[in-house]
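This briefing covers salt bridges, a pocket, a helix and backbone geometry in one protein model. Please read it alongside the sequence and the structure shown here.

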Amino acid sequence: MIKRNLLVVGLAVLLSACGFQLRGTGQSDLSLRELDVSARNAYGDTVKQLRQALENDGVAVRSSAPYRLILTREEENQRAATYAGGSRSADYELTTVLNYTIAGLNNAELLSDKVTVRRVYTRDGNNVTGGDQEAAQVRKEMRRDLIQAMIVRLQLLTPARLDELQKDADARARAQAQALEDARRAQDETPQQSPLELPVQ
């Protein structure tokens, strides 16, 4: 018994020395200290759990933050991965795609991307109720994976990187405004042709 406990402790120390962490433990390396998070489905499970995960990692989630994460669309799909005749079991592939946008000052869009999670599960054709419950459980696990994938994406966004994206967005906005102004000025300076006057008969 003591040998087994020592072995478990030894393995735990060895794995932690290699940088291994169990999923859901430890702090992530988010350099963002504050972020506004919103979604089209403001009361959906994904946005609520993402806010909680960010707060657990020390990020202040508030509307006054200079940068905003907007979950624009979450789409769930299911397709048969294998076909089985009669009432036999069949494999199904579940997919969840989360589209998001990062916005900065003046609501400038800094970047737009998506994260995707896929999972295959076996559904028992003889147990429809159990199959539905299993699918719901798999979806819950996929949502956790989706949030973790989103956190990993946010880890790549340092304040310096966001400042760079903001400068690019500001430059694009200035160029568009200048192009519109040039077009308006050109139209104002173009002499308007008088309507053709027809001789009175």
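Glu76 forms a salt bridge with Arg139 in this predicted model, the closest N and O atoms being 3.8 Å apart; a salt bridge is a side-chain nitrogen of Lys or Arg within 4 Å of a carboxyl oxygen of Asp or Glu. Because Glu76 lies in strand β3 and Arg139 in helix α3 (residues 128–155), the pair ties together parts that are 63 residues apart in sequence. Local features need pLDDT of at least 70 and side-chain atom pairs count only at pLDDT 80 or more, whereas totals for chains, interfaces and linings use all residues of the predicted model. Residues are numbered from 1 along each chain as its sequence is written, and side-chain values use heavy atoms, with hydrogens and water left out.

**Salt bridges**

- Arg139 is buried at a relative accessible area of 15%, while Glu76 is partly exposed at 41%; buried means under 20% relative accessible area, exposed over 50%, and partly exposed in between, with a 1.4 Å probe and protein chains only.
- A search of the whole structure finds 13 salt bridges.
- One of these joins the side chains of Glu34 and Arg62 at 2.8 Å, N to O.
- Glu34 lies in strand β1 (residues 34–39) and Arg62 in the loop between β2 (60–61) and β3, so this pair ties together parts that are 28 residues apart in sequence.
- Both partners are partly exposed, Glu34 with a relative accessible area of 24% and Arg62 with 43%.
- The side chains of Glu75 and Arg73 also meet in a salt bridge, at 3.4 Å, N to O, and Glu75 is partly exposed with a relative accessible area of 28%.
- A network of salt bridges links Glu181, Asp182, Arg184, Arg185 and Asp188.

**Overall fold**

- The protein chain has 4 helices and 5 strands; helices (H or I, at least four residues) and strands (E, at least two) are DSSP runs, numbered from the N terminus.
- Along the sequence, these elements follow the pattern α-β-α-β-β-β-β-α-α.
- Of the 201 residues in the protein chain, 28% are buried.

**Second largest pocket**

- The second largest pocket has a volume of about 170 Å³.
- On a 1 Å grid over the protein atoms alone, a pocket is an open set of points where a 1.4 Å probe fits, with protein on both sides within 12 Å along at least five of seven lines.
- Grid points are joined across faces, edges and corners, and a volume is the space filled by probe spheres set on the points.
- The lining comprises 13 residues, of which Ala39, Asn41, Gly44, Thr46 and Glu74 lie nearest the pocket centre; lining residues have an atom within 4 Å of a point.
- Both α2 (45–56) and β3 (68–80) supply at least two lining residues each, and the largest share, 4 residues, comes from β3.
- By class, the lining divides into 4 nonpolar, 4 polar and 5 charged residues; Ala, Val, Leu, Ile, Met, Phe, Trp, Tyr, Cys and Pro count as nonpolar, Asp, Glu, Lys and Arg as charged, and the others, Gly among them, as polar.

**Helix α2**

- Helix α2 has 12 residues and reaches 16 Å from its first C-alpha to its last, close to the 16 Å expected at 1.5 Å a residue; the expected span is 1.5 Å times one less than the number of residues.
- Its buried residues are Thr46, Val47, Leu50, Ala53 and Leu54.

- Most residues other than glycine have a negative phi.
- Asn106 has a positive phi of about 60° although it is not a glycine, and Asn107 likewise has a positive phi, near 60°.
- Asn106 lies in the loop between β4 (90–103) and β5 (109–123), and Asn107 is placed in the loop between β4 and β5 as well.
- Asn106 is exposed at 76% relative accessibility, and Asn107 is exposed at 57%.

- Leu71, in strand β3, is buried with a relative accessible area of 5%.
- Leu71 and Lys114 are 43 residues apart in sequence and 9.3 Å apart in space, C-alpha to C-alpha.
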